Amino acid sequence: MTEDSQPTGGCACGALRYRLTRTPLVVHACHCRDCQRITGSAFVINVWIERECVECTAGQPRAFLLAGGSGKPHEVFFCGACGTTVWSRYHSVPGHSLFVRAGTLDDPCAAEPDVHIFTATKLSWVKLPDGVPAFEKMYVVRDVWPPERYARLRANIARHATPAGA
Ligand SMILES: [Zn+2]
Ligand SMILES: [Zn+2]
């Protein structure tokens with residue numbers, strides 16, 4: 001994805017359409033069991049991006065809650081008409097960002113995984129590409145992301161911080 005492209009995507013039936021207004025913070029391929037179950041597939045490709053950079057241009061998703069691996073809720077958003085899951089919010093992640101399913105992009109190739117995570121439960125026949133960081137579970141963001149992306153995350157966290165005394 002280039003800086004000025006605004007990728008579009010949507011659910012399988014077309015009732016829900018969205019646009020991403022900024023490049024991703026990072027693109028994850030997640031091989032955890034939850035992602036395998038939710039997608040019915042080998043892994044999910046998640047575009048991690050600030051909430052305000054995901055614009056619905058048609059419809060609004062519905063959501064259900066799962067218990068995340070962290071113990072905090074994992075909120076899964078889906079099209080109420082066709083059930084396609086379009087993004088997740090992990091309440092364990094500080095700030096307010098979303099994990100958009102790259103398979104719902106009109107051009108899924110626009111989001112190539114920067115990092116593979118939870119490879120401990122990767123399906124044995126999936127071969128990871130050379131030169132792409134891979135972690136058995138999660139990783140420490142500031143150790144892996146380019147500094148400007150980490151700064152964007154910090155800014156998002158600061159914007160969504162609860163004011164003292166609130
Ligand atoms: Zn739909
Ligand atoms: Zn996962």
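A: One term to begin with: a residue is buried under 20% relative accessible area, exposed over 50%, and partly exposed in between. Take Arg-19: its relative accessible area is 29%, so Arg-19 is partly exposed. Keep in mind that this is a predicted model.

Q: Good to know. Which residue forms a salt bridge with Arg-19?
A: That's Glu-55, with the closest N and O atoms 3.6 Å apart. The two come from distant parts of the chain, Glu-55 in strand 5 (residues 54-58) and Arg-19 in strand 2, 36 residues apart. Glu-55 is partly exposed too, at 34% relative accessibility.

Q: How many salt bridges does the structure hold?
A: Five. One of them joins the side chains of Arg-17 and Asp-106, at 2.7 Å from N to O. This pair also links distant parts of the chain: Arg-17 sits in strand 2, and Asp-106 in the loop between strand 9 (97-101) and strand 10 (115-117), 89 residues apart.

Q: And how accessible is Asp-106?
A: Asp-106 has a relative accessible area of 45%, so it is partly exposed. Arg-17 is partly exposed as well, at 27%.

Q: What about Glu-52, what does its side chain meet?
A: The side chain of Glu-52 meets that of Arg-159 in a salt bridge, 2.5 Å from N to O. Glu-52 lies in the loop between strand 4 (44-50) and strand 5, while Arg-159 belongs to helix 3 (residues 147-159), 107 residues apart. Glu-52 counts as partly exposed, at 36% relative accessibility.

Q: Which residues are linked in a network of salt bridges?
A: Arg-22, Glu-50 and Arg-152.

Q: Switching topic: what coordinates the zinc ion?
A: Four SG atoms do, from Cys-11, Cys-13, Cys-79 and Cys-82, at 2.3 to 2.4 Å. Along the chain, these donors follow the spacing C-x1-C-x65-C-x2-C.

Q: Last one: why is the arrangement around the zinc ion tetrahedral?
A: Because the four donor atoms subtend angles of 107 to 113°. For comparison, the ideal angle for four tetrahedral donors at a metal is 109.5 degrees.

Terms used. Residues are numbered from 1 along each chain as its sequence is written. Chains are lettered from A and ligands numbered from 1 in the order in which they are written. This is a predicted model: local features need pLDDT of at least 70, side-chain atom pairs count only at pLDDT 80 or more; totals for chains, interfaces and linings use all residues. Side-chain values use heavy atoms; hydrogens and water are left out. Donors are N, O and S atoms within 2.8 Å of the metal (3.2 Å for Na, K and Ca); water is not among the atoms, so sites may look incomplete. Four donors count as tetrahedral if all angles lie between 85 and 135 degrees; four count as square planar and six as octahedral if opposite donors are over 155 degrees apart and all others between 65 and 115; anything else is irregular. A salt bridge is a side-chain nitrogen of Lys or Arg within 4 Å of a carboxyl oxygen of Asp or Glu. Helices (H or I, at least four residues) and strands (E, at least two) are DSSP runs, numbered from the N terminus. Buried means under 20% relative accessible area, exposed over 50%, partly exposed in between (1.4 Å probe, protein chains only).
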